[in-house]
Amino acid sequence: MNKTLILFFAAIALVACTQKTSEFTLEGDVEKGDISRLYLFEVINEQYGYMQLIDSIPVTDNKFSYANDSLQTQVYFLSPYGDNRLSQTFDEGAYLFLSKTKNSISVSHESGRPLLISVNNSPVGERFEAFTGELYEVGNRKTIDSLDRLFFAARDRNDTAEMRRIKDYSIPYYDNAAQQTDEWLEKQIENSQGTLLGLYLYYTYRFQNTTLTTLDEINTVRRALQNYDNEAKQSAYFSKIENRLTQLEQSAVGHQAPEIEGLDSNDNKFTLNDLKGKYVIVDFWSSGCSWCRLETPYLAKAYNQFKDKNFTVLGVSSDFEKNDWLKAIEEDGAHWEHLMLRKEDISKTMKRYSIIGIPEILLVDPQGIILAKGLRGEAIYNTVAEHLK
């Protein structure tokens, strides 16, 4: 065999070896509890409890093993129940940090209680386990959970007086726990910068809840990402942040506003591009959003003042029912341009504009360039006045 072939087969062997060692595997044993199957979820948004079922893992003789090459290093959720519509799935499950490698864990379970998970061979998994334990203590979860149980018990009895009493009694505990938790998390994020756990903390507790509106803000995060180590850069969080930044860039201040298409009150096609040549306040809203409708007087102030000066307002509704949409327009006296997004277009339009929640109000110039985002209250009028002067 010549040297070229030897090197060729050696390269194949090396690739095969590399692929094998990078495989995502999860194996372990059930030390306590009657579990016949475990369910693995991807965590979409940990703070809001958004999860998506990935797969189920059979447990035989108190042991389990699972492999999946498509999974990345990140936090997952494991539960003995697989229906994410049931509170039992979340109440009796637990978060765990898994790497794109061999993961070994031990599981214990008591009915009505969360899974107890012990990570055996992963430094980041052990650090995450320690972090969640401290977070539980800092957030005074033992007291909070006890108060929650009392409240839910009163609710089950339909005892509204007791529910009110428990709620009033609980408020100081919740407020204090929230403040302590936020301050503690800030220190944890700062102290773990550059590491995989630090990137997870930044993504989960800061980035997912932050609105970046300008290219400068976006590029500041991009530069900060380069300070993380290779372990962090190879995780799901690095790619998630990069993808989100690219998406945010497409609707940042200074960028061409993505097209918006919907139907007017007569069911005719209407688009943002139809208003090109004018300054346009674009108001993403819906009839059932009380916060959205509180902005209507400020929108009306700007519209009435500048409607004869090459300016208008475009209401972009995510309502499902046309009657609800038209009724709200009349009730609020919002007599400017409106369109209702088709149901199948709502999600992709919101994604195109990187909208996490409504209302989202922005100003677009006559050439369709975004001039300002995140407008509220008097800032709506003041921003329009500044650009039209």
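Predicted model: local features only at pLDDT ≥ 70, side-chain atom pairs only at ≥ 80, totals over all residues.
Helices α3 and α6 are oblique to each other. The angle behind that description is about 45°, and the axes of the two helices lie 10 Å apart. The crossing of α3 past α6 is right-handed.

In general, two packed helices are described by the angle between their axes and the distance between the axes. Helix α11 (residues 296–306) packs with helix α14 (residues 378–388) at an angle of about 25°, and their axes are 7 Å apart. Because angles under 35 degrees count as roughly parallel, α11 and α14 are described as roughly parallel to each other. Here too the crossing has a hand: α11 passes α14 in a right-handed crossing.

The chain has 389 residues, of which 42% are buried. Its C-alpha trace spans about 80 × 75 × 40 Å along the principal axes.

The next stop is the loop between α3 and α4, where N140 is placed. The phi angle of N140 is near 50°, a positive value in a residue that is not glycine. This deserves a remark because most residues other than glycine have a negative phi. N140 has 27% relative accessibility and counts as partly exposed. In helix α4, which runs over residues 141–156, lies K142. With 65% relative accessibility, K142 counts as exposed, because the cut-off for that class is over 50%. From K142 to E360 there are 218 residues in sequence, and the C-alpha atoms of the two are 37 Å apart in space.

The loop between α13 (343–352) and β14 (360–364) contains P359. A cis peptide bond joins I358 to P359, with omega about 5°. Most peptide bonds, by contrast, are trans. S354 lies in the loop between α13 and β14 as well. S354 has a positive phi of about 55°, although S354 is not a glycine. With a relative accessible area of 8%, S354 is buried, because buried means under 20%.

Helix α12 (residues 322–332) holds L326. The relative accessible area of L326 is 28%, so this residue is partly exposed. L326 and M340 are 14 residues apart in sequence, and the distance between their C-alpha atoms is 9.7 Å.

The last stop is on the surface. Which residues form a nonpolar patch there? They are I44, Y48 and Y50, which together have about 350 Å² of accessible area. I44 lies in strand β2, which runs over residues 37–45. The relative accessible area of I44 is 36%, so I44 is partly exposed.

Methods
Residues numbered from 1 in each chain as written. Heavy atoms only, no water. Patch = residues over 30% accessible without salt bridge, like charges linked within 9 Å, V, L, I, M, F, W, Y side chains within 5 Å. Areas by Shrake-Rupley, 256 points an atom, 1.4 Å probe, with all protein chains shown as cover. Salt bridge = Lys/Arg side-chain N within 4 Å of Asp/Glu carboxyl O. Helix = DSSP H or I, 4+ residues; strand = E, 2+ residues; numbered from the N terminus. Buried < 20%, exposed > 50% of the residue type's maximum accessible area, 1.4 Å probe, protein only. Axes fitted to C-alpha atoms, helices over the stretch in contact; angles between N-to-C directions. Parallel < 35°, antiparallel > 145°, perpendicular 65-115°, else oblique. Left-handed = near helix turned anticlockwise from the far one by under 90°.
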